[in-house]
Structures are given as C-alpha cells and as structure tokens.
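Subject: Structure handover

Hello,

Please find the structure below. My notes on it come after.

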Amino acid sequence: MNQNFIYLIPLYNKSPILEKTINQLEKIDNKKVFFVENGSTDDSLEKCKKLIENKEDFSILISKKGFGNALRKGLAEIHDINTGILVITGADLPFGFSDINYLKDELNFEFEVCIGSKAHKNSSIKRGFMRSLSSKVFNIFIKTLFHLRIKDTQGSLLINLQKVSISSLIIYSENFFSSVELIIKLRNRNYLVEEIPIEINENKNNATTVNVFSDSLMMLYEMFYFKFFIKD
C-alpha cells in the first residue's frame, strides 16, 4: 500500500494480545502507531513499552481511564497532521486489515470518513445475543435523537486526513459514547460518513473489556447529556 496510515489505538487491559497486535501492525509500511494507555489494571503499559522499544514508528501515550479520554489524548497528539489515513480501532485489531483493504480495493482511498461496520450487509461476523440486542437498542436512540442513519457506530473509524480536518474537534465524552460524538461532529461539518463491510478477526485469547450492562447505561447517560447540554 502506498498510503501512509496513522493508527490511534486506546489500550486498556490488553496485555495478552499486545505482542500479536504489534507483530501485525509491523507488516504495514508508511505508518505511525499511537497506543493510548488509559488506566489498565494489568501490565499493559509496561508490556507495551517493552515491546515497542526501539521501534520509531510506534509510540505510547497515557490518559485518564476511559475510551473517550484516550481518544481525546490521541486526537490532540495528531491534530496538526493533514495527510494520510487515520485509523481508530481496538487494540486487538478486531477486523484485521479488512477495513483498510476495502478502502484500497473498492474505494481507491477516495473517501472522507468510513466506519468498519459490523452491521453492514456484506460484513462477515457473528455477534452474541446480548451485544447484538444492546447495539440495536442503542442505535434506535441514536437515530431518534441525532438523526444519524448509521447502523453501527462502534466499529473502526477511518478518516482521510487530506480531506477532513480534525484540528478543531473537541470530544467531551470520557467513555464509549465518544465514538458516536466524533461521528456526529464530522457529519455536522458536512463530511460524508459511510459504512463499509468488514471481516471479524477472531482472537480466542482476548476477552472483552466491555461490560454490556454498565457501559450501556453510561452510554445512554452521555447520549442524553450530549443531546441536551452540549452545544457544539
């Protein structure tokens, strides 16, 4: 691939899969990878520092606990970059490189904002019942409150920095609603946001750090707070 990529990866309690993730990312040329450690209770921080030692295209940032805090820290670090493809994804690379391969093979990198969507009709993925149900309920609220016609707001987020400016974006959410907040703000700035199909990257050694009940409640709270109290 001739494009250059900026990977922004929140890191929370992912020690068991870090080495595999870094080995996968090393296969990409013309990249810069930012891990953002945000309050892990395992040895993710220490292990990451050791694994990326002497790797000039890998860096680690530190933020307060919370996906949104990690996202805010990472965006602040790269706010003045205006070239390349920004990829915001999970530390386990849940979709492998299927998202960026689609950008290359099907879109020839001609896009503004894409979401690697688990809900896309051409995606190859199996989801647990509770995760699938909570996602559907969540998306009903999103569609109703924000008129955001996106079926999956929690996939990988890919931004073409040559066409999209992120320098003025401010993220308020400290948790998982931050990804929705970012999508809404990009949409409100009239950037084209589209969903693309992905393939799931199975990793049996990687237990999810998402608590369906508590994280869903937090997302609902932040959703209503953002709707009625944040004017941006």
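Predicted model: local features only at pLDDT ≥ 70, side-chain atom pairs only at ≥ 80, totals over all residues.

Residues are numbered from 1 along each chain as its sequence is written, and side-chain values use heavy atoms, with hydrogens and water left out.

The sheet

An open sheet is formed by 7 strands in the order E3-E2-E1-E4-E6-E5-E7, with mixed pairing. Strands (E, at least two residues) and helices (H or I, at least four) are DSSP runs, numbered from the N terminus; two strands pair if DSSP finds at least two bridges between them. At the edges are strand E3 (58-62) and strand E7 (193-197), each of which pairs on one side only. From one strand to the next, the twist averages 20 degrees. Strand E2 (residues 31-37) and E3 run parallel and are joined by 5 bridges. Phe 35 has Ile 60 in E3 as its bridge partner.

Helices on the sheet

Helix H3 (residues 67-77) packs on the sheet and touches strand E1 (5-11), E2, E3 and strand E4 (85-88). The direction of H3 makes about 150 degrees with that of E1; axes are lines fitted to C-alpha atoms, for helices over the stretch in contact, and angles run from 0 to 180 degrees between N-to-C directions. Contact means heavy atoms within 4.5 Å. Helix H4 (residues 98-105) also packs on the sheet, touching E1, E4, strand E5 (113-117), strand E6 (156-160) and E7, and its direction makes about 110 degrees with that of E7.

In helix H2 (residues 44-51), the buried residues are Ser 44, Leu 45 and Cys 48. Buried means under 20% relative accessible area, exposed over 50%, and partly exposed in between (1.4 Å probe, protein chains only). Seen down the axis of H2, these residues fall within an arc of 95 degrees, so they line one face of the helix; the arc is that of the directions from the helix axis to the C-beta atoms. They pack against E1, helix H1 (18-25), E2 and E3.

The cores

A nonpolar core is a set of buried Ala, Val, Leu, Ile, Met, Phe, Trp, Tyr and Cys residues joined through side-chain atoms within 4.5 Å. The largest has 38 residues, of which Leu 86, Phe 146, Ile 159, Ile 166, Leu 182 and Leu 186 touch the most other members. Helix H6 (residues 177-188) gives the most to this core, with 6 residues. Another core lies apart from it and has 27 residues, among them Ile 52, Ala 91, Cys 114 and Leu 158.

Two loop residues

Ser 173 is in the loop between E6 and H6 and counts as buried because its relative accessibility is 5%. A polar atom of the Ser 173 side chain lies 3.1 Å from the backbone nitrogen of Asn 175, and one lies 3.2 Å from the backbone nitrogen of Ser 178.

Lys 65 is in the loop between E3 and H3 and counts as exposed because its relative accessibility is 55%. The side chains of Lys 65 and Tyr 12 are joined by a polar contact of 3.4 Å. A polar contact is a pair of N or O atoms within 3.5 Å; within protein, one must be able to donate a hydrogen and the other to accept it, and residues adjacent in sequence count only if both atoms are side-chain atoms.

Regards
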